[in-house]
Amino acid sequence: FFKVVRKSGAFANSIAFAVAHGRGGPVSVVLGAAAARACPLPTVAEHIKAGRSDESLRAAIAEDVAAQLPADDPYLARLHTSTVLRAVREMQSK
């Protein structure tokens, strides 16, 4: 789990959850605060499960995030991509 909030007590600007269900089990990655409801990121989940490189993972995150954003906003794309990457790294460190 990772979230970005501009100030304490405010609504999150970006939230990401990454969950692996045991070794070799299913992986789920979800982005919140990007659209009207939480957005699953299936390409990212497949990359994590396959154990691909970090650069490949970044590309998968950017692809899935771009597909979920309501408008072309480079700032929001970078913000959500960074949030998802941090959630994935947090999950992988455990």
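**Entry 1. His47**

I looked up the contacts of His47, where contact means heavy atoms within 4.5 Å. Apart from residues up to four places away in sequence, His47 touches Arg52, Ser56, Leu57 and Ala60. I place His47 in helix H1, residues 42-50; helices (H or I, at least four residues) and strands (E, at least two) are DSSP runs, numbered from the N terminus. His47 has a relative accessible area of 14% and therefore counts as buried; the classes are buried under 20% relative accessible area, exposed over 50%, and partly exposed in between, with a 1.4 Å probe and protein chains only.

I note the basis of these values: this is a predicted model, in which local features need pLDDT of at least 70, side-chain atom pairs count only at pLDDT 80 or more, and totals for chains, interfaces and linings use all residues. Residues are numbered from 1 along each chain as its sequence is written, and side-chain values use heavy atoms, with hydrogens and water left out.

**Entry 2. Val44**

I turned to Val44, which also has its place in helix H1. Val44 is buried because its relative accessibility is 0%. With neighbours within four places in sequence set aside, I find Val44 in contact with Val29, Leu57, Ala60, Ile61, Asp64, Val84 and Val88. I also checked one pair of C-alpha atoms: Val44 and Ala71 are 27 residues apart along the chain and separated by 21 Å.

**Entry 3. Nonpolar core**

Which residues have the most contacts inside the largest nonpolar core? I define such a core as a set of buried Ala, Val, Leu, Ile, Met, Phe, Trp, Tyr and Cys residues joined through side-chain atoms within 4.5 Å. The largest one has 20 residues, and those with the most contacts inside it are Val29, Val44, Ile48, Leu57, Ile61, Val84 and Val88. At least two residues of this core come from each of strand S2 (14-20), strand S3 (27-32), H1, helix H2 (54-68) and helix H3 (74-92). H3 gives the most, with five residues.

I listed the partners of Val29, again without residues up to four places away in sequence: Phe17, Ala18, Cys39, Pro40, Leu41, Val44, Ala45, Ile48 and Val84.

I looked up Leu57, which lies in helix H2. Its relative accessibility is 7%, so Leu57 counts as buried. Beyond its neighbours within four places in sequence, Leu57 is in contact with Val44, His47, Ile48, Leu85 and Val88. Leu57 and Ser28 are 29 residues apart in sequence, and their C-alpha atoms are 14 Å apart in space.

Asp64 lies in helix H2. Is Asp64 buried or exposed? I record it as buried, because its relative accessible area is 7%.

**Entry 4. Ala18**

I found Ala18 in strand S2, and its relative accessibility of 10% means that it counts as buried. The contacts of Ala18, with neighbours within four places in sequence left aside, are Ser28, Val29, Ala87, Val88 and Met91.

**Entry 5. Ala33**

I noted the backbone of Ala33, where phi is near 65°, a positive value in a residue other than glycine. Ala33 lies in the loop between S3 and strand S4 (39-40). At 39% relative accessibility, Ala33 is partly exposed.

**Entry 6. Whole chain**

I counted three helices and four strands in the chain, in the pattern β-β-β-β-α-α-α along the sequence. Of the 94 residues, 32% count as buried. Among contacts with a separation of 6 or more, 41% are between residues 24 or more positions apart.

I compared the radius of gyration, taken over C-alpha atoms, with the globule rule of 2.2 Å times the number of residues to the power 0.38. The chain has 13 Å, which agrees with a compact globule because one of 94 residues would have a value near 12 Å. Along the principal axes, the C-alpha trace spans about 35 × 25 × 20 Å.

I recorded an accessible surface of about 5900 Å², of which 54% belongs to carbon and sulfur atoms; the areas come from the Shrake-Rupley method with a 1.4 Å probe, and for residues only the protein chains shown count as cover.
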